[in-house]
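Reader: Could we go through this one together, a piece at a time? I will ask as I look around.

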Amino acid sequence: MVLFKRGLANILQKHPSDVVFVSVLRTPVTRAKKGGFKDAYPEELLSHILKATLSKTKIDPSKIDDVTIGNVLSELGGAKAGRMSQIHAGFPYTTAFSTVNRQCSSGLQAITNVAAHINTGMIGVGIGGGVESMTRNYGSRAIPVDLSPEMKNSPNQDALDCIMPMGITSENVTERYNISREDQDRFAAASHQKASKAQKAGLFDAEIVPMETRWIDPETQEESRKVISADDGIRHNASYENMAKLKPAFKYTGSSTAGNSSQVSDGAAAALMMRRDIAESLGFTPIGKFVVTAVAGVKPDEMGVGPAVVIPKVLEMAGLSVGDVGIWELNEAFASQSLYCMRVLGLPEERVNPKGGAIALGHPLGATGARQLATLLPELERQGEKVGVISMCIGTGSGLASIIVRE
């Protein structure tokens, strides 16, 4: 059951009860261990983007009922450090806080949770977003180190496959669905080329809030302060020829490489959301509208196919077709699964990640979904499009997709 009338004409209509976005901001996304935030803490990234949201919108923070943040890797789920960062950013203790973990979709799940709470009248104003420092918290490579012997010896293969390394799931997709190494490398090079062009044209500037952070010189170990203002994982000289030289990263005979897989990254993003009538009463002009989110499960050993299963589901929920969607923000966990999903769904290449995706920009797990929203809305406006879809695969075997409308 959905709380709106289906069909393109209906979802483009405006109603006082709509869940709208009035601000969506992000930090730059930087390379883990090597990039601009290698010496930052996730709670610093989060506090910065929350404070920037207050500063840009000038909203009275006491008007915000709840903050929900996606996080995958931090200690205690990021709950305590996250709450500290929220209050440190200038929120009163009366604004509640929580974290959510749906792995790669956590940032978009947080936004979905806030939208659901607004839709059902539980809150009127909230912030959904995400944060991740893979520099600090990727030691186990997102595989549990303290796991029940009973689970490790489960007779259910799907249960065992929940801890399969993500790179192997990518190789499964390439082998089962005939995704060639050449196609993966060309897709990856194109992601960098699109991102490079967009960055040079200033197309990310509106969504990024620069951040001053500590920087420890790798050679001298001297500590200083440094302003990070741009994504630093984009390879401006990327080419198919360079990609083709890389060795397989996960399997000796495989085709998934460091170049055609998403980057391990650090970053944060946040969206200020509220009911439309509240936005109008507070003097805000909405920039977008949340429509609906769908989730679907798939086999854990080919988790990358998740978008191919969940996107038809979310389109059916909204009464839309592929042709109704102006831009697709499809998280590039791997070129293999991105290509598979695009082919199965018949997505037009020119409408998928027009400013590049996670292969070029990076994939800070808990923040990615919110980062995609920050990237989507300005691009919808630039291209004069109205409807966007954000989707990603999810480790252990799921897919999530959300439909967003530009105001």
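Reader: What covers the buried residues of α13?
Author: First, please keep in mind that this is a predicted model. The cover over the buried residues of α13 includes α8, α9 (181–200), α12 (306–318), β10 (327–330), α14 (358–361) and β11 (387–394).

Reader: And how many of the residues of α13 are buried?
Author: Helix α13, which spans residues 335–345, is mostly covered, with nine of its eleven residues buried. Among the buried ones are A335, S336, Q337 and S338, and the list also includes L339, Y340, C341, M342 and L345.

Reader: What comes just after α13?
Author: Just after that helix there is G346, and this residue takes a positive phi of about 70°.

Reader: You listed β11. Where does C393 lie, and is it buried or exposed?
Author: C393 lies in strand β11, and it counts as buried because its relative accessibility is 1%, where the cut-off for buried is under 20%.

Reader: Which residues is C393 in contact with, leaving aside its neighbours in sequence?
Author: Once the neighbours within four places in sequence are left aside, C393 is in contact with C104, M303, G304, G306, P307, A333, Q337 and S398. One of these, Q337, is also among the buried residues of α13. As for G297, which is 96 residues away from C393 along the chain, the C-alpha atoms of the two are separated by 9.7 Å.

Reader: You also listed α8. What is S170 in contact with there?
Author: S170 lies in helix α8, and, leaving aside neighbours within four places in sequence, it is in contact with S256, F334 and S336. S170 counts as buried because its relative accessibility is 2%.

Reader: Switching to the largest pocket, what is its volume, and which residues lie nearest its centre?
Author: The volume of the largest pocket is about 1100 Å³. Its lining is made up of 42 residues, and those nearest the centre are M134, Y138, R141, M166 and V264. Two or more lining residues come from each of α6 (149–152), α7 (157–160) and α8 (166–177), and the largest share, three residues, is given by α8.

Reader: How do the residues of that lining divide into nonpolar, polar and charged?
Author: In the lining of the largest pocket, 26 residues are nonpolar, ten are polar and six are charged.

Reader: Now the strands. In which sense do β3 and β4 pair, parallel or antiparallel?
Author: β3 (residues 66–70) and β4 (residues 96–100) pair in the parallel sense, over five bridges, and G70 stands opposite V100 in β4. To get from β3 to β4 the chain passes through helix α3 (residues 79–88), and this β-α-β crossover is right-handed.

Reader: What about β6 and β7, in which sense do they pair?
Author: That pair, β6 at residues 211–216 and β7 at residues 223–228, is antiparallel, with six bridges, and the bridge partner of M211 is I228 in β7. The two strands form a hairpin with six residues between them, and Q221 in the turn has a positive phi of about 65°.

Methods: Residues are numbered from 1 along each chain as its sequence is written. This is a predicted model: local features need pLDDT of at least 70, side-chain atom pairs count only at pLDDT 80 or more; totals for chains, interfaces and linings use all residues. Side-chain values use heavy atoms; hydrogens and water are left out. Two strands pair if DSSP finds at least two bridges between them. Helices (H or I, at least four residues) and strands (E, at least two) are DSSP runs, numbered from the N terminus. On a 1 Å grid over the protein atoms alone, a cavity is a set of points where a 1.4 Å probe fits but cannot get out, and a pocket is an open set with protein on both sides within 12 Å along at least five of seven lines; lining residues have an atom within 4 Å of a point. Grid points are joined across faces, edges and corners, and a volume is the space filled by probe spheres set on the points. Ala, Val, Leu, Ile, Met, Phe, Trp, Tyr, Cys and Pro count as nonpolar, Asp, Glu, Lys and Arg as charged, and the others, Gly among them, as polar. Buried means under 20% relative accessible area, exposed over 50%, partly exposed in between (1.4 Å probe, protein chains only). Contact means heavy atoms within 4.5 Å. A crossover is right-handed if, with the strands pointing away from the viewer, the path from the first strand over the helix to the second runs clockwise.
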